[in-house]
Each structure stands twice: as C-alpha cells, then as structure tokens.
Amino acid sequence: MIKYLDLKYINTLHQEELKDAFNRVLQSGIFLRGEETSIFEKEYANYIGSSYCIGCSSGLAALTLIFRAYIELGIMKEGDEILVPSNTYIASILSISSNHLKPVLVEPDIDTFQIDASKLEEAITSRTKGLLIVHLYGKNAYTDKIKEICQKYNLRLIEDNAQAHGCTYQGGHTGSFGEVAAHSFYPGKNLGALGDAGAITTNKYDLAQTVRMLGNYGSETKYVFKYIGSNSRIDEIQAAVLRVKLKYLDAENRRRVEIARTYIEKIKNPFIKIPCSNYLENNVFHVFPVLTKYRNNLQEFLSNKGIETLIHYPIPPHKQNCYKNWNNLKLPVTEYISQRELSIPISHVLTNIEIENIISSINTFNP
Ligand SMILES: *Cc1c(COP(=O)(O)O)cnc(C)c1O
C-alpha cells in the first residue's frame with residue numbers, strides 16, 4: 001500500500017529531535033509567546049528572506065490577519081476588490097470575504113496552474129486594491145508581468161505561500177516577493193507542524209506590528225486593546241517542532257523535485273497529460289498534478305493497485321454552496337482542472353521501488 005502522504009512515518013523519522021523539542025517546552029513552563037516562538041520567527045524570517053516573521057495559529061489565520069491589518073491601517077476598506085486565482089484552495093478566498101472585501105476570481109493558466117497574468121488587467125476596476133497570488137501545488141506564481149501590473153495599478157501584492165515553502169525564483173524565496181505573505185504549517189504541507197500553525201512574513205514594520213497585535217487580541221501591552229483582535233497565536237510546541245523540521249526542508253524538497261523529474265521522464269500514457277519539463281522550474285511539488293478525462297477511472301485503477309491519490313480540488317470555490325452568488329459564473333479553465341486533476345504521491349519518503357511501481361501502474365492504465 002502506497003499512501004498519498006505517510007505523516008506518521010515522515011514525523012517519526014525525527015522522533016528523537018522532536019522529543020527533545022517537546023521536552024524543552026515542557027521544562028520551560030512557557031507554552032505561548034516564549035523563546036521557541038521568537039527563535040522560530042527569526043529562523044523562518046531569515047530562511048524566507050524577510051525582515052519580520054509573525055507566528056500564527058494557522059494559514060487561514062495568517063491570511064485573515066493580513067487583510068484585517070490592511071483595513072485597520074486604512075489601506076483597504078469594506079467593498080474593495082482583491083484579485084485571487086479561481087482554482088485556489090478555499091482558504092485564500094475566505095480570508096478576503098471574511099474581511100468584507102470582494103474576491104475577484106481570475107482564471108489560471110492551464111499549463112502552470114498559476115494565475116493567468118494575461119487575464120489580470122481585464123479584471124481590474126477602480127475598486128481593485130490588491131492581488132493575492134497563490135503558489136499553487138508548490139510552484140512559483142510570481143512573474144515580472146505581475147510585478148508590472150501591481151506597480152501600474154498600485155495594487156498590494158500578497159502571497160499565499162501555504163504550499164510552497166522553500167520554492168525559489170530568481171534567487172529569492174516565495175513569500176519574499178510581495179508586500180506580505182501568509183504561510184501554513186498544516187501537517188500535510190511541505191513544512192508541516194504536528195497540528196495547526198502558520199506565519200506571516202513581511203519587510204514592512206507597520207504591517208508586522210499590526211498583524212502581531214491583531215493576532216494577540218488587538219493588544220501590544222497586556223490588558224490594553226488597540227484593535228478588535230483575535231487569538232491567532234502559534235503554540236510554543238508547534239514553534240519548537242517547526243524549528244526541527246525547517247532544517248530538513250530543502251533536502252526534502254530536492255527529493256520531491258527528483259521524483260517529479262522521474263515522473264515527467266517516465267510516465268507515458270496517451271490518456272494522461274502530465275506536466276512538461278519546464279514545470280520543474282521554481283517548483284517544490286507540494287502536489288504532482290496529472291490531467292485526464294478518465295480521472296475517476298484512473299483513481300480507482302490506482303487504488304486497486306494499492307496506490308492512494310487525491311484530487312486538488314474536486315469542486316472549485318465558485319461552485320461551492322458557501323459562495324452561492326458565484327454558482328452561475330463560467331470559469332472554464334478552473335472547471336476543466338477540477339474535473340480532470342489527479343494528484344499522485346510525491347512525498348520525499350517514497351522509495352525508488354514505490355516510484356517505479358507508480359509509474360508502471362500509470363503506464364498500463366487503459367480506460
Ligand atoms: C493549506 C492552505 C491554506 C490554509 O492553511 P491552514 O493552515 O490549513 O489554515 C491556505 N491557502 C492554501 C493555498 C492552502 O493550501
């Protein structure tokens with residue numbers, strides 16, 4: 001049986017170091033806003049290449065705090081429009097709408113799965129204040145064209161880096177290209193905690209200060225509340241866990257890329273479209289997506305061979321019940337992807353034998 005992602009095995013590989021980390025926290029007697037958090041924040045800011053990092057309780061909390069901070073700072077206001085890719089995970093969009101901003105869905109490019117920069121300008125109005133790019137499936141979404149458009153229309157560029165920790169582009173890390181970025185450390189992400197956790201990175205002092213206060217009840221000084229805040233802090237335990245796992249991230253990502261290269265070289269099936277070789281660039285392969293008209297058959301076929309797969313994502317945001325107003329929108333590229341995408345296992349712990357098994361199984365698939 002090849003699991004899509006074997007979280008037990010992945011984490012028990014670091015068992016001794018993780019036990020030391022738990023023990024440090026236990027012995028310190030400090031479970032929030034302590035040394036593990038402040039050191040992790042420094043290490044992660046340094047890794048991403050940002051001046052500031054603020055630990056959060058989840059990726060969604062990080063995203064939500066960012067838009068809340070823009071509103072508190074008077075940079076955005078209710079009803080302002082934020083461009084966002086229409087094929088992203090729901091959290092990107094929830095963070096916008098929960099702040100009473102208006103998400104404007106922009107279709108992805110079918111080859112990269114990233115927001116289609118050529119469709120941005122037609123979506124911009126006088127109310128457009130920001131662009132939330134999502135480095136979806138672990139591939140960089142930032143380009144010169146995106147930079148130009150943000151400058152030309154004075155848009156705030158925000159990055160959703162939940163799926164792309166460690167991904168690089170032109171010598172920098174994703175999460176350092178926009179004005180601010182949100183990161184998720186959900187257990188299944190490339191950098192995963194042992195529970196919920198997230199972070200915000202930015203070079204802007206005022207944004208950093210504001211999100212930190214907003215995530216700590218709107219307070220900087222104990223019992224003094226400047227904003228209507230929330231409790232969106234990271235736990236000391238999770239910060240300590242992430243300090244252990246951050247050290248291995250680059251090596252694990254390199255293994256993911258190696259597996260992706262093998263898939264691209266060796267998967268050959270006329271019924272299945274796999275990404276082309278330049279999809280390997282600027283990618284840490286949180287997900288390895290294949291497209292096929294026979295997606296459900298392929299998933300069942302692989303399942304019968306003991307190979308677990310997932311779909312990212314079966315129902316796009318605009319077809320969800322929670323966004324009823326959008327249900328009649330036509331977003332053909334997004335819908336096409338949602339009907340045909342299948343994610344095959346790509347975690348760093350797969351053995352070469354398992355990889356060969358996955359490849360030969362896919363190559364023998366005949367709908
Ligand atoms: C996982 C994810 C999030 C949300 O992160 P959580 O930590 O689960 O709240 C946001 N955006 C994207 C693209 C994600 O994949």
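**Notebook: a look around the predicted model**

**Entry 1: Thr174**

I began with Thr174, which sits in the loop between β7 (172-173) and β8. I kept in mind that this is a predicted model. Is Thr174 buried or exposed? I found a relative accessible area of 0% for Thr174, and since buried means under 20%, Thr174 counts as buried. Next I asked which backbone oxygen the side chain of Thr174 reaches. I traced it to Ala164, at 3.1 Å.

**Entry 2: residues with a positive phi**

I reminded myself what to expect of backbone angles: most residues other than glycine have a negative phi. Then I looked up Phe113, which is not a glycine and yet has a positive phi of about 70°. I located Phe113 in the loop between β3 (102-106) and β4 (128-134). With a relative accessibility of 3%, Phe113 falls under the 20% cut-off, so I noted Phe113 as buried.

My next stop was Tyr137, whose phi is also positive, near 65°. I found Tyr137 in the loop between β4 and α6 (144-152). How much relative accessible area does Tyr137 have? I read 0%, so Tyr137 went down as buried.

**Entry 3: a cis peptide bond**

Here the expectation is simple: most peptide bonds are trans. I checked the bond from His312 to Tyr313 and found it cis, with omega near 5°. Tyr313 belongs to the loop between α10 (295-304) and α11 (332-340).

**Entry 4: cavities**

Rolling a probe the size of a water molecule over the atoms shows where empty space is left. How many cavities of 30 Å³ or more are there? I counted two.

The largest cavity holds about 70 Å³ of space. I listed its lining, and among the names are Leu5, Ile10, Lys189, Glu252 and His348. Helices α1 (7-12) and α9 (249-266) each supply at least two residues of this lining. By class I sorted the lining into four nonpolar, three polar and four charged residues.

The second largest cavity holds about 60 Å³.

**Entry 5: the largest pocket**

I then moved on to open space. The largest pocket has a volume of about 740 Å³. It is lined by 35 residues, and I noted those closest to its centre: Tyr89, Tyr186, Lys189, His286 and Tyr313. Which elements give two or more residues to this lining? I wrote down α4 (59-72), α5 (90-97) and β8 (180-184). The largest share, four residues, comes from α5. Sorted by class, the pocket lining has 20 nonpolar, 11 polar and four charged residues.

**Entry 6: around the ligand**

How many residues surround the ligand? I found 14, and the closest are Gly59, Asp160, Gln163, Ser184 and Lys189. Lys189 was already in my notes, in the lining of the largest cavity and by the centre of the largest pocket.

I looked up three of these neighbours in detail.

- Gly59 has a polar backbone atom 2.8 Å from an oxygen atom of the ligand.
- Asp160 places a polar side-chain atom 2.7 Å from a nitrogen atom of the ligand.
- Gln163 has a side-chain N or O atom 2.7 Å from an oxygen atom of the ligand.

**Entry 7: strands and their partners**

To finish, I followed some strands. I checked β1 (residues 52-56) and found it mostly covered, with four of its five residues buried. Which strand do five bridges join to β1? I found β9 (residues 198-202), and β1 and β9 run antiparallel. Across this pair, Gly55 stands opposite Ala199 in β9.

I also looked at β10 (residues 288-291), which pairs with β11 in the antiparallel sense over four bridges. In β11 (residues 341-344) I checked which way the residues point. Glu341 and Ser343 point one way, Leu342 and Ile344 the other way, and all of them are buried.

Definitions and conventions: Residues are numbered from 1 along each chain as its sequence is written. This is a predicted model: local features need pLDDT of at least 70, side-chain atom pairs count only at pLDDT 80 or more; totals for chains, interfaces and linings use all residues. Side-chain values use heavy atoms; hydrogens and water are left out. Buried means under 20% relative accessible area, exposed over 50%, partly exposed in between (1.4 Å probe, protein chains only). Two strands pair if DSSP finds at least two bridges between them. On a 1 Å grid over the protein atoms alone, a cavity is a set of points where a 1.4 Å probe fits but cannot get out, and a pocket is an open set with protein on both sides within 12 Å along at least five of seven lines; lining residues have an atom within 4 Å of a point. Grid points are joined across faces, edges and corners, and a volume is the space filled by probe spheres set on the points. Ala, Val, Leu, Ile, Met, Phe, Trp, Tyr, Cys and Pro count as nonpolar, Asp, Glu, Lys and Arg as charged, and the others, Gly among them, as polar. A residue is near a molecule or strand if one of its heavy atoms lies within 4 Å of it. A polar contact is a pair of N or O atoms within 3.5 Å; within protein, one must be able to donate a hydrogen and the other to accept it, and residues adjacent in sequence count only if both atoms are side-chain atoms.
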